[in-house]
Amino acid sequence: MRIAWLTLLIAALLFPSLPVWAEENQLNLDAEAAILMDSHTGQVLYEKNSHERMFPASITKIVTATVAIESGKLDEVATVSRQATVVEGTKVYLDVGEQKTIRELLYALLLHSGNDAANVIAEHIAGSQAKFAEQMNAVVEKVTHSKDTHFVNPHGLFDKDHYVTAHDMALLSRYAMQHPLFREIVGTKDYQWDGKKWKTKLVNQNQLLWRYTGTNGMKNGFLDQSLNTLVTSVNRDQTELIAVVLKDHGKEKAYEDTTKLMDYGFAHYEDKQLLTKEQQIQSPSGTMFQTTDHVFATVKKGENATYEVSDQGVLTVKSGNNVQSVPDALKPVPVPSQEISPPSTIPWWIYGVGLFLIVTASFVIRLKVRQDEAV
């Protein structure tokens, strides 16, 4: 996890002030708020009202899953409480007393959007939905440092104090995709569910997994107050983009807006990996440094990106007219210490044996001399 977090930190430092490269009305979106973000670097390629507070509906479950995965309790067995089953909206019809692992519940959460599964996860991990929401907000603080996103429940049902921004949601989704299990689940098209009350094949509700090439996640939602919400990740070659659309007037409108965003992004931009994790590079004076993680640059199609390293270990990345310093991307390569062997010491008993042999030899020689004189 530390390395994954460093990747996000480096990317955030790499392109903190690059401009948004599309006009707000250029794509003519139906959504009231939207954003297109490069998953590797955090570069914003398009935004519309991206810092306005909106109601998220079930894309909330992206953060629910993140907290669950980071809890380390994936293989623990959770017991369904009566309170967990009393919830509106989409369910997997968990029965009171039924037992499921957190890992199984995550598939019900992210593929079928089970609100009862969200409740069971929250109660098992934190003891209550309220305590679990505190953990969700701790992730928000760590990832976004924003006061414009706040959660009060694990499922996304309406509450006036439960809101997000498109920008924060993109950052949180980007962070969630750093977890291999999350990435695996949101990219799963169907999953066999063997519940006590309900046995079925859960089918991922994000139709773009079938309809848009390269889609590898994430999550959709709907409420009367939020209308249609959708977060989508698409990976083509080494370029991965994340789109968030909020308050779209219909499910198909959400898909259309996301397609517009992705088409625009892949037509105009690409990621270039400049350095790999733990790659060693040399400064002009010969000092060796090592990267703390992969270093990417988001560039316009047809442009290149280059980098330089100073003697102080500051990495500078150049892309088009943009020049950014990345002071935390490198660390010095440790110089192997030259171990000097201490002077060898002779054990005391060797001196004793040597002295004994000398005395004995001297005695034998003297005795022999006396015998020869007597003769």
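Predicted model: local features only at pLDDT ≥ 70, side-chain atom pairs only at ≥ 80, totals over all residues.

Just after helix α5, G127 takes a positive phi of about 95°.

**Helix α5**
- Helix α5 covers residues 115–126, and because its twelve residues at 1.5 Å a residue should span 16 Å, the 16 Å between its end C-alpha atoms agrees with that expectation.
- Ten of the twelve residues of α5 are buried, so the helix is mostly covered, where buried means under 20% relative accessible area.
- Those buried residues are N115, D116, A117, A118, N119, V120, I121, A122, E123 and I125.
- The partners against which the buried residues of α5 pack include the helices α2 (61–70), α4 (102–110) and α6 (129–144), and also the strand β3 (77–79).

**Helix α2**
- Helix α2 is likewise mostly covered, with nine of its ten residues buried, among them K61, I62, V63 and T64.
- After α2 comes G72, whose phi is positive and near 75°.

**Residue L230**
- L230 lies in strand β8, which runs over residues 227–236, and L230 is buried, with a relative accessible area of 0%.
- Although L230 and S58 are 172 residues apart along the chain, their C-alpha atoms are separated by 8.8 Å.
- When neighbours within four places in sequence are left aside, the residues in contact with L230 include I59, N206, L208, K219, V244, Y255 and T258.

How values were computed
Residues numbered from 1 in each chain as written. Heavy atoms only, no water. Helix = DSSP H or I, 4+ residues; strand = E, 2+ residues; numbered from the N terminus. Expected span 1.5 Å × (residues − 1). Buried < 20%, exposed > 50% of the residue type's maximum accessible area, 1.4 Å probe, protein only. Contact = heavy atoms within 4.5 Å.
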